[in-house]
Amino acid sequence: HPPSSQMEETSLLGRSGCRAKGGTPGFKVAILGAAGGIGQPLAMLMKMNPLVSVLHLYDVVNTPGVTADLSHMNTGAVVRGFLGQAQLDNALTGMDLVIIPAGVPRKPGMTRDDLFNINAGIVRTLCEGVTRCCPNAIVNLISNPVNSTVPIAAEVFKKAGTYNPRRLLGVTTLDVARANTFVAEVLGLDPRNVNIPVVGGHAGVTILPLLSQATPPSSFTPEEVAYLTERIQNGGTEVVEAKAGTGSATLSMAYAAAQFADACLRGLRGDAGIVECSYVASQVTELPFFASRVRLGRGGVEEFLPLGPLNEFERAGLEKAKKELTESIHKGVSFIKS
Ligand code: NAI
């Protein structure tokens, strides 16, 4: 439990779902892995989000500095830092939304699956904390390989008896951001006006952009489809190679994660019509987990939107995606079960 000074401070700020000063709803958000390449810019963006009243920053290193730095921003959210596993429970108690970018990123030549051995254990430990301290929070999972870490989190929650599949969301927003950007480049449009559903998962061929469902409705030559699909699927690798051993996508990822978290918070607030792509427990296909468009609301995922009509190229892509996803899901589930 938080020390009494923290409790007092909390009660002044208003509890989750209550109206904070000024009549705006205030949500409590924790970032686990907050001192990392994604964590720091994500923490800054969440500190700027008017829906956030309390922001908890947890990591195994450097949170005091990041917290002191961000705490000088004159925005509404109160920032608190938590360092090391002994402080994990205090970081999580009372949270409405937990965002997890903890873990190691790729280096050139690595696949996301190469990260499994290290990140699986980190995600398990952090999700065990969620079951103890904020079992009803929405969880946004960023740590790779997302195709396996979401099933891992689900198994941890099931074991503890706290699993609510509608509240566990794998973050695939960066795939959508990339798809919108690259398609806008090809069509000569403003990327803010383009929307491409990206379904399947978050690794290589499991990333399946549905160009046939582009907004605004657009037609592409077979060459454009091949170029765009390849570039969207390998956008992460493009950044890993450009960073040449110093990390993977962090700034664009923080931006995408902040957008997704904001959508989750607007859903929690009760806003209507919030639709995002996310990798979730799903009945859209025969696979137990799948990324597709979902409608967000007070309960997390409130509706799974159907895949919609796929063309022949996309149907072939879907079969490839399912094959790899099946293995990644199995790997995650057996990590906890065995
Ligand atoms: P990073 O190495 O810069 O930061 C990771 C942070 O996690 C570090 O500050 C580290 O101290 C912390 N950490 C390690 N073990 C921890 C533990 N047990 N508890 C709490 N914190 C812990 O890595 P970066 O670039 O921020 O990437 C983080 C993760 O996000 C990676 O797994 C990466 O593959 C993934 N990622 C996911 C994307 C997506 O679209 N879902 C896109 C880009 C990256």
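In which strand does Ser292 lie? Ser292 belongs to strand β10 (residues 289-297), where strands (E, at least two residues) and helices (H or I, at least four) are DSSP runs numbered from the N terminus. The model is predicted: local features need pLDDT of at least 70, side-chain atom pairs count only at pLDDT 80 or more, and totals for chains, interfaces and linings use all residues. Residue numbers start from 1 along each chain as its sequence is written.

**Ser292**
- Ser292 is buried, with 23 other C-beta atoms within 10 Å; a residue is buried if 20 or more other C-beta atoms lie within 10 Å of its own, exposed if 12 or fewer, and partly exposed in between, with C-beta atoms placed from the backbone.
- Leaving aside neighbours within four places in sequence, Ser292 is in contact with Val199, Cys277, Ser282, Val284, Phe304, Leu305 and Leu307; contact requires C-beta atoms, placed from the backbone, to lie within 7 Å.
- Ser292 and Val156 are separated by 136 residues in sequence and by 23 Å in space, C-alpha to C-alpha.

**Helix α9**
- Gly235, Gly236, Val239 and Val240 are the buried residues of helix α9 (residues 235-243).
- These residues lie on the same side of α9 because they cover an arc of only 140° around the axis, the arc being that of the directions from the helix axis to the C-beta atoms.
- Exposed residues Glu238 and Ala242 sit on the face of α9 turned away from its buried side.
- The cover over the buried residues of α9 includes α7 (173-187) and α8 (222-233).
- Ala244, which follows α9, has a positive phi, near 50°.

**Packing of α2 and α10**
- The axes of helix α2 (residues 39-47) and helix α10 (residues 251-269) come within 8 Å and cross at roughly 35°; axes are lines fitted to C-alpha atoms, for helices over the stretch in contact, and angles run from 0 to 180 degrees between N-to-C directions.
- Pro41, Leu42, Leu45 and Met46 of α2 make the contact with Leu251, Ala254, Tyr255, Ala257, Ala258 and Ala261 of α10.

- Not counting residues up to four places away in sequence, Leu97 touches Phe27, Val29, Ala137, Ile138, Asn140, Ala261, Cys264 and Leu265.

Conventions: Contact = placed C-beta atoms within 7 Å.
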